[in-house]
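Subject: Structure handover

Hello,

I am passing this structure on to you. Please have a look at it before you read my notes below.

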Amino acid sequence: MKRALLVVAILAVIVGALVWLVWFSSLLSVKTVDVQVSAAPAAAGPLSTEDIAAQVQVPDGTPLIRIDTGAIQSRIEAFPQVASAQVSRSWPTTLTITVERRIPVAAIASPDRKSTRLNSSHEWISRMPSSA
């Protein structure tokens with residue numbers, strides 16, 4: 001009986017240490033954000049890896065497991081130039097973001113000499129000065 005209690009106690013300590021390591025320790029915290037943006041023509045509008053990385057908004061020392069990848073994905077997909085985004089954890093310390101750009105298929109000029117770029121789903125991509 002004493003031996004069984006000792007084994008249970010040791011297992012509880014091991015499980016507790018692993019939970020602390022993954023959920024609360026900075027050992028497995030985000031240290032690198034890897035952003036990959038698909039290529040698109042200039043007419044698609046500007047979108048840099050720095051623009052995407054700014055939307056991550058992860059406090060320093062946050063363990064990778066506690067990152068809300070869905071919220072980050074939603075913030076990135078709010079960019080009009082983004083068709084889709086995928087956010088994933090790359091253990092032990094990297095957050096990987098892959099962005100697919102919208103490709104313009106039409107430009108509509110307006111009286112203010114700006115042109116609206118549209119993708120194949122008739123969604124607005126960017127407003128840029130139209131060429132003279």
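This is a predicted model: local features need pLDDT of at least 70, side-chain atom pairs count only at pLDDT 80 or more; totals for chains, interfaces and linings use all residues.

Residues are numbered from 1 along each chain as its sequence is written, and side-chain values use heavy atoms, with hydrogens and water left out.

Overall make-up

The protein has three helices and six strands. Helices here are DSSP runs of H or I with at least four residues, strands are runs of E with at least two, and both are numbered from the N terminus. Along the sequence the pattern reads α-β-α-α-β-β-β-β-β. Of the 132 residues in the protein, 29% are buried. Buried means under 20% relative accessible area, exposed means over 50%, and partly exposed lies in between (1.4 Å probe, protein chains only). The protein exposes about 8,300 Å², of which carbon and sulfur atoms supply 62%; the areas come from the Shrake-Rupley method with a 1.4 Å probe, and for residues only the protein chains shown count as cover. Among contacts (heavy atoms within 4.5 Å) between residues at least 6 apart in sequence, 47% join residues at least 24 apart.

The sheet

Three strands form an open sheet in the order β1-β3-β2, with mixed pairing. Two strands pair if DSSP finds at least two bridges between them. The edge strands, β1 (32–37) and β2, each pair on one side only. On average, neighbouring strands of this sheet are turned by 15° against each other, direction ignored. Such angles run from 0 to 180 degrees between N-to-C directions, with axes being lines fitted to C-alpha atoms, for helices over the stretch in contact.

β1 and β3 run parallel and are joined by six bridges. Val 33 has Leu 95 of β3 as its bridge partner, and Gln 36 has Thr 98 of β3. On the other pairing, β2 and β3 are antiparallel over eight bridges. There, Arg 89 stands opposite Leu 95 and Ser 90 stands opposite Thr 94. β2 and β3 form a hairpin with three residues between them. How enclosed is β3? Six of its eight residues are buried, so β3 is largely enclosed by the rest of the structure.

Helix α3

α3 lies across β2 and β3 and runs at about 155° to β2. Thr 69, Ile 72 and Ile 76 are the residues to look at in α3, being buried. They cover an arc of only 65° around the axis, which puts them on the same side of α3; the arc is that of the directions from the helix axis to the C-beta atoms. The buried residues of α3 pack against α2, β2 and β3. Ala 71 also lies in α3, but counts as partly exposed at 26% relative accessibility. Ala 71 and Val 87 are 16 residues apart in sequence and 9.5 Å apart in space, C-alpha to C-alpha.

The core

The largest nonpolar core has 16 residues, and those that touch the most other members are Ile 52, Ile 72, Ile 76, Val 82, Leu 95, Ile 97 and Val 99. The elements giving two or more residues to this core are α3 (69–77), β2 (82–90) and β3 (94–101). A nonpolar core is a set of buried Ala, Val, Leu, Ile, Met, Phe, Trp, Tyr and Cys residues joined through side-chain atoms within 4.5 Å. Not counting residues up to four places away in sequence, Leu 95 touches residues including Val 30, Val 56, Leu 64, Ile 67, Ile 72 and Val 87.

Loop residues

Pro 92 is in the loop between β2 and β3, and the peptide bond from Trp 91 to Pro 92 is cis, with omega near 10°. Thr 93 lies in the loop between β2 and β3 and is buried, with a relative accessible area of 17%. Among the residues that Thr 93 touches, leaving aside residues up to four places away in sequence, are Leu 27, Val 30, Thr 32 and Leu 64.

Gln 57 is in the loop between α2 (49–54) and α3. Gln 57 has a phi near 50°, a positive value in a residue other than glycine. Most residues other than glycine have a negative phi, and most peptide bonds are trans. Gln 57 is exposed, with a relative accessible area of 53%.

Regards
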